[in-house]
Amino acid sequence: SDLFWVKRHMGYRGAEGSLEARWMPSDTFNVIYGVETIIDDETKPRAQRISKDTGEEIGSSGANESVTLTNVSAYVSSNYKPLDPWLKLTGGLRYDYHSIYGTQVTGRLGATSRWSDSLVTKFLYGSAFKAPSPYLLYARPLRPGDVIGNASLEPQRIDTFEVQLSYKQDASWNASTGLAYSLLRDKAEFTPEGINLAAKNVASQKALSWETQLNARFEQRAQGYLSFEYVLSQRDLGEEGYAARLVGTDTAIYPPWI
């Protein structure tokens with residue numbers, strides 16, 4: 001604005017602790033157990049309007065407030081080689097309980113096969129979540145049309161499937177190619193709510209990508225690589241009718257190929 005500038009207040013203090021144990025009864029099997037705790041004291045986002053003429057405050061988005069967020073988690077991960085080197089299995093499970101968004105369970109599975117000294121294939125599945133940031137949860141509007149936080153926002157969740165083939169002839173060159181499919185659910189987007197914009201879990205996105213890379217080395221004198229990535233992605237912002245046709249389903253930032 002020509003009349004004022006905005007001074008924003010944000011901050012946090014936190015503590016984190018973890019404990020992990022490993023059990024390796026043989027060369028073909030191992031298990032990892034762990035627990036984690038995070039305590040996060042967040043200063044809720046606050047903004048002030050400061051006059052450019054006098055340097056005095058001429059308005060704010062509320063008083064200083066803080067909130068304490070806690071997350072307790074436990075996980076287990078294991079590797080097993082039933083047919084070494086033909087088959088290696090990997091699996092993991094993680095449980096999180098957060099003071100705001102409650103319980104989240106995620107996991108992963110993987111299978112690796114070495115068909116020869118040169119050829120390896122992998123299949124991977126993984127799930128994950130991204131917790132809402134304090135800004136998305138507690139942002140307060142400074143003026144009409146500004147964003148407003150949503151304390152009931154849920155985490156964004158993603159499921160990914162990936163298959164990869166890699167070939168290494170010798171130390172001079174190697175190549176890999178792979179396909180990956182990801183489905184992002186409960187994606188947070190700012191949508192109109194009254195005169196402001198509020199974050200809501202209304203969107204989703206799915207993407208299929210193909211990645212290929214070739215690496216080459218000439219003794220110890222030079223090395224280089226050639227890579228190509230192609231992405232087919234479609235998003236749904238939760239809009240209907242004219243708004244949905246206007247925004248479309250294409251990704252807005254990530255390029256279709258690199």
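**Leucine 89 and its surroundings**

Author: Let us begin with one residue of this predicted model. Apart from neighbours within four places in sequence, leucine 89 is in contact with Ser78, Asn79, Tyr80, Pro82, Gly110 and Ala111.

Reader: Is leucine 89 buried, partly exposed or exposed?

Author: Leucine 89 lies in strand E5, which covers residues 87–98. Buried residues have under 20% relative accessible area and exposed ones over 50%. Because leucine 89 has 34% relative accessibility, the residue counts as partly exposed.

Reader: How far apart are the C-alpha atoms of leucine 89 and phenylalanine 123?

Author: Leucine 89 and phenylalanine 123 are 34 residues apart along the chain.

Reader: What is the separation between the C-alpha atoms of glycine 110 and leucine 124?

Author: Leu124 is one of the residues that glycine 110 touches. Along the chain, glycine 110 and leucine 124 are 14 residues apart. Their C-alpha atoms are separated by 4.3 Å.

Reader: Why does glycine 110 count as buried?

Author: The term buried applies under 20% relative accessible area. Glycine 110 counts as buried because its relative accessibility is 12%.

**Strand pairing**

Reader: How many bridges pair E6 with strand E7?

Author: E6 and E7 form a hairpin, with 4 residues between them. Within this pairing, arginine 108 stands opposite glycine 126 in E7. The strands E6 and E7 (residues 119–130) pair in the antiparallel sense, and the number of bridges is 7.

Reader: Which residue in E9 is the bridge partner of alanine 128?

Author: E7 is also joined to strand E9, residues 156–170. These two strands run antiparallel and are joined by 12 bridges. In E9, the partner of alanine 128 is isoleucine 158.

Reader: What is the bridge partner of threonine 212 in E12?

Author: Strand E11 spans residues 196–218 and strand E12 spans residues 222–236. The two pair in the antiparallel sense over 15 bridges. Across this pairing, threonine 212 has as its partner phenylalanine 228.

**Backbone particulars**

Reader: Which residue in the hairpin of E11 and E12 takes a positive phi?

Author: Most residues other than glycine have a negative phi. The hairpin of E11 and E12 has 3 residues between the strands, and a positive phi near 50° occurs there. The residue concerned lies in the loop between E11 and E12. This residue is not a glycine but glutamate 219.

Reader: What is the phi of aspartate 186?

Author: Aspartate 186 is found in strand E10, residues 173–193. With 32% relative accessibility, this residue counts as partly exposed. Although aspartate 186 is not a glycine, its phi is positive, at about 55°.

Reader: Is the peptide bond from aspartate 84 to proline 85 cis or trans?

Author: Most peptide bonds are trans. Proline 85 lies in the loop between strand E4 (66–83) and E5. The bond from aspartate 84 to proline 85 has omega near 5°, and is cis.

**Serine 51**

Reader: Is serine 51 buried or exposed?

Author: Serine 51 is found in strand E2, residues 29–51. Beyond its neighbours within four places in sequence, serine 51 is in contact with Leu3, Phe4, Trp5, Glu56 and Ile58. Since its relative accessible area is 10%, serine 51 is buried.

**The protein as a whole**

Reader: How many helices and strands does the protein have?

Author: Read along the sequence, the pattern is β-β-β-β-β-β-β-α-β-β-β-β-β-α. The totals are 2 helices and 12 strands.

Reader: What is the radius of gyration of the protein?

Author: The C-alpha atoms fill a box of roughly 75 × 45 × 45 Å along the principal axes. For a compact globule of 258 residues, the radius of gyration would be near 18 Å. The protein, by contrast, has 24 Å.

Reader: What share of the residues counts as buried?

Author: The accessible surface of the protein comes to about 16,800 Å², with 57% belonging to carbon and sulfur atoms. Of the 258 residues, the share that counts as buried is 26%.

Notes
Residues numbered from 1 in each chain as written. Predicted model: local features only at pLDDT ≥ 70, side-chain atom pairs only at ≥ 80, totals over all residues. Heavy atoms only, no water. Pairing = 2+ DSSP bridges. Buried < 20%, exposed > 50% of the residue type's maximum accessible area, 1.4 Å probe, protein only. Contact = heavy atoms within 4.5 Å. Rg over C-alpha atoms; globule rule 2.2 N^0.38 Å. Areas by Shrake-Rupley, 256 points an atom, 1.4 Å probe, with all protein chains shown as cover.
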